[in-house]
Amino acid sequence: MIRVGLIGAGFIGRNHFNQYARLGQRAKVTVLCDQDAARRAGDWSGVGGNLGDRQGTRRDLGDIRPCTDWREVVADPDVDLIDICVPTPLHREIAVAALQAGRHVLCEKPMALTLADCDAMLEAASRAAGRFMIAQCIRFWPEYVYLREAFTDGRFGPLRALHLRRQSQTPDYSLNNWLLRPELSGGAVLDLHVHDVDFALSLFGRPQAVCARGYRRAAGSLDRIHASWTVRQDVVLQLEGFWDLHAGFGFNMGFTAAFEQASVCWDLNSGRPLTVYRTGQEPLVPALGPDDGYFGEIEYFLSCIERGEAPRASTPQESRDAVAVALAEARSAAAGGEPVAPF
Ligand SMILES: NC(=O)c1ccc[n+]([C@@H]2O[C@H](COP(=O)([O-])OP(=O)(O)OC[C@H]3O[C@@H](n4cnc5c(N)ncnc54)[C@H](O)[C@@H]3O)[C@@H](O)[C@H]2O)c1
């Protein structure tokens with residue numbers, strides 16, 4: 001049984017909490033840490049979100065110990081896994097301390113706001129006994145898993161073009177609206193768009209160059225980005241991410257993948273399942289796994305700990321690369337779309 005210290009009981013902390021509850025034979029949250037008294041006591045009635053469990057409810061936490069100070073959780077010898085679900089500027093300090101204390105660490109994306117912070121986390125991980133993974137849930141999301149399998153096994157021929165998109169109204173659910181302060185969240189380009197950056201990296205590896213257009217809003221936040229990557233001569237890769245739409249739109253994610261022999265399309269907001277279109281044939285709706293990527297990432301990380309293996313489906317180095325590419329896109333956008341080499 002893997003004993004989990006969950007730090008941060010906001011939107012994503014609650015979603016992680018739900019997954020551990022489902023995986024009760026293998027893991028148990030033993031400590032719940034949050035600066036907010038109601039949240040660490042299981043009152044999540046004021047906690048919103050954009051995906052997964054969006055409705056806050058009160059929970060009976062039973063024997064789970066509430067805690068105010070994350071340092072106590074990290075130092076607790078009865079905790080095996082530290083799950084970091086606090087705002088991004090705290091990721092580095094908590095991850096490094098937890099790795100140095102010998103714990104396994106699952107840390108939310110984006111890995112950090114700067115490459116220096118990412119590198120400090122990688123360095124601590126390289127000396128640590130514990131396993132370390134950034135929670136890149138989209139790599140584990142069933143529709144994206146299907147797309148990656150089709151890309152990898154070539155069942156529809158070579159991929160010619162891919163459009164990845166993540167679209168949102170301006171988020172209004174983070175505690176004290178920290179998401180809207182770019183010095184804390186990195187804006188949409190880091191907080192939202194990094195999911196698609198990371199997924200594209202999982203398909204193509206590091207791009208030679210990126211070009212992007214976007215704009216900053218009043219608070220200086222880069223909240224819209226349209227990017228094109230140079231990955232291979234025979235593939236057009238376009239990524240877009242924004243959270244500047246008006247209230248009422250909600251949240252959407254999806255992709256359009258043009259393979260030589262089929263188009264694989266999915267759009268969360270359409271309500272239609274992932275569909276494969278082939279000339280002269282009925283559209284195909286493949287059966288996908290029932291669990292979302294939050295479950296998939298946590299189940300996978302637990303299995304890595306149980307097997308004593310470093311995660312391979314999503315490595316911390318790749319998560320660092322995702323931050324590097326998102327930052328390169330931001331530099332390109334600032335330069336009016338000039339190509340930028342991220343590495
Ligand atoms: N994978 C995803 O799809 C996804 C979705 C949302 C957020 N995230 C990431 O998860 C992280 C948290 O985002 P969120 O949306 O859950 O934010 P949130 O505002 O909903 O929750 C953050 C929680 O952290 C707590 N907190 C802040 N500082 C603390 C401290 N020093 N000690 C203890 N608790 C503290 C706050 O009280 C709050 O309850 C961010 O890095 C964000 O980018 C990932």
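Trainee: How many salt bridges does the count come to?
Mentor: This is a predicted model, in which local features need pLDDT of at least 70 and side-chain atom pairs count only at pLDDT 80 or more, while totals for chains, interfaces and linings use all residues. Residues are numbered from 1 along each chain as its sequence is written, and side-chain values use heavy atoms, with hydrogens and water left out. A salt bridge is a side-chain nitrogen of Lys or Arg within 4 Å of a carboxyl oxygen of Asp or Glu. By this rule the count comes to 26.

Trainee: With which residue does aspartate 291 form a salt bridge?
Mentor: The closest N and O atoms of this pair are 2.7 Å apart. Aspartate 291 is in the loop between β13 (275-277) and α10 (293-307), and its partner is in helix α1 (residues 11-22), so the pair ties together parts 269 residues apart in sequence. Helices (H or I, at least four residues) and strands (E, at least two) are DSSP runs, numbered from the N terminus. The partner is arginine 22.

Trainee: Is lysine 109 buried or exposed?
Mentor: Lysine 109 meets aspartate 191 in a salt bridge (3.7 Å, N to O). Buried means under 20% relative accessible area, exposed over 50%, and partly exposed in between (1.4 Å probe, protein chains only). Lysine 109 has a relative accessible area of 11%, so it counts as buried.

Trainee: In which strand does aspartate 267 lie?
Mentor: The side chains of aspartate 267 and arginine 165 meet in a salt bridge (3.3 Å, N to O). Arginine 165 lies in strand β7 (residues 159-169), so the pair ties together parts that are 102 residues apart in sequence. Aspartate 267 lies in strand β12 (residues 263-267).
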